[in-house]
Amino acid sequence: MALLRERTAARPVLKWAGGKGRLLDQFEEMFPAALRAGRLRRYVEPFIGGGAVFFHIAQQYSLREAVLCDVNPELILAYKVLQRDPELLIEELDALERPYLKLPGSRRKSFYYEIRDSYNASPASHANGYDPLWAHRAARMIFLNKTCFNGLYRVNRSGHFNVPHGRYACPCICDQDNLRAASALLRDATLLCADFTAALDFADEGAFIYYDPPYRPLNPTSNFTAYA
């Protein structure tokens, strides 16, 4: 299997609550010596989220495998499309970005809610296997992520994405160079739509597991599923 390291710098494609992009320098001090010495062949992340740690490690160290998991089918679906069909994803995103950026603020809001309604009309029930038709949905998921309030991913009890429109003057919705660079790093990764226990199948002495679980709610209304 080819090395995951690529020359083109890649950043997370999605904004994600709890992202660790600003902590990477601190994390470097805590990474195992075996990783720096090139003795670990596999990277495992049970809660991939925005993937800041994965994209960093994949560009800094010579890993031959990456296993990336998340229980959110919409997230894994988007990563699978990015992995397999980056050009199709770029085409779909560009078709959303161009008309959106041409609109004045008030009409952008209407455009956003039209896309959100269509996205919620047919939520993904799984991300098993692969279907090229997923590119259409993945593009809408990324578009909403880039244009919603604070880049949140939140669904209500019905499973519908319910984050309101954000106010960004010129959001970068379709960063073609970064999408291609991120796709290259994902090329040899195994993407699993599963809970964290699935990662145990890949845990051995040659693996580095980055375990960053979701935060435990402090009270009954502090988790996102409580919002209507």
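Visitor: At what angle do helix 5 and helix 8 pack, and how far apart are their axes?

Guide: In this predicted model, helix 5 (residues 86–102) packs on helix 8 (residues 176–186) at an angle of about 150°, and the axes are 10 Å apart. Angles over 145 degrees count as roughly antiparallel, so helix 5 is roughly antiparallel to helix 8.

Visitor: Is the crossing of helix 5 and helix 8 left-handed or right-handed?

Guide: The crossing of these two helices is right-handed.

Visitor: Which residues in helix 5 and helix 8 meet?

Guide: From helix 5 come P86, E87, L89, I90 and L93; from helix 8 come Q176, L179, R180 and S183. By class, the residues of this contact are five nonpolar, two polar and two charged. For reading such a list, the general idea is that an α-helix has 3.6 residues a turn, so residues three or four places apart point the same way.

Visitor: Which residues of helix 5 are buried?

Guide: The buried residues of helix 5 are P86, L89, I90, L93, D94, L96, E97 and Y100. Their cover includes helix 4 (73–84), helix 6 (105–120), helix 7 and helix 8.

Visitor: How far does helix 5 reach from its first C-alpha to its last?

Guide: Helix 5 has 17 residues and reaches 24 Å, close to the 24 Å expected at 1.5 Å a residue.

Visitor: Helix 8 also packs with helix 3; at what angle?

Guide: Helix 3 (residues 52–60) and helix 8 pack at about 75°, with axes 10 Å apart. The range for roughly perpendicular is 65 to 115 degrees, so helix 3 is roughly perpendicular to helix 8. Here F54, F55, A58 and Q59 in helix 3 meet A182, L185 and L186 in helix 8. The residues of this contact divide into six nonpolar, one polar and no charged.

Visitor: How many residues of helix 7 are buried?

Guide: Helix 7 is mostly covered, with 13 of its 14 residues buried. This helix takes in residues 134–147 and reaches 20 Å from first C-alpha to last, close to the 20 Å expected at 1.5 Å a residue.

Visitor: R137 is in helix 7. Is R137 buried or exposed?

Guide: The relative accessible area of R137 is 12%. Buried means under 20%, so R137 is buried.

Visitor: Which residues does R137 touch, not counting residues up to four places away in sequence?

Guide: With those neighbours left out, R137 touches E74, L77, Y119, S122, P123 and A124.

Notes. Residues numbered from 1 in each chain as written. Predicted model: local features only at pLDDT ≥ 70, side-chain atom pairs only at ≥ 80, totals over all residues. Heavy atoms only, no water. Axes fitted to C-alpha atoms, helices over the stretch in contact; angles between N-to-C directions. Helix = DSSP H or I, 4+ residues; strand = E, 2+ residues; numbered from the N terminus. Parallel < 35°, antiparallel > 145°, perpendicular 65-115°, else oblique. Left-handed = near helix turned anticlockwise from the far one by under 90°. Contact = heavy atoms within 4.5 Å. Nonpolar A, V, L, I, M, F, W, Y, C, P; charged D, E, K, R; others polar. Expected span 1.5 Å × (residues − 1). Buried < 20%, exposed > 50% of the residue type's maximum accessible area, 1.4 Å probe, protein only.
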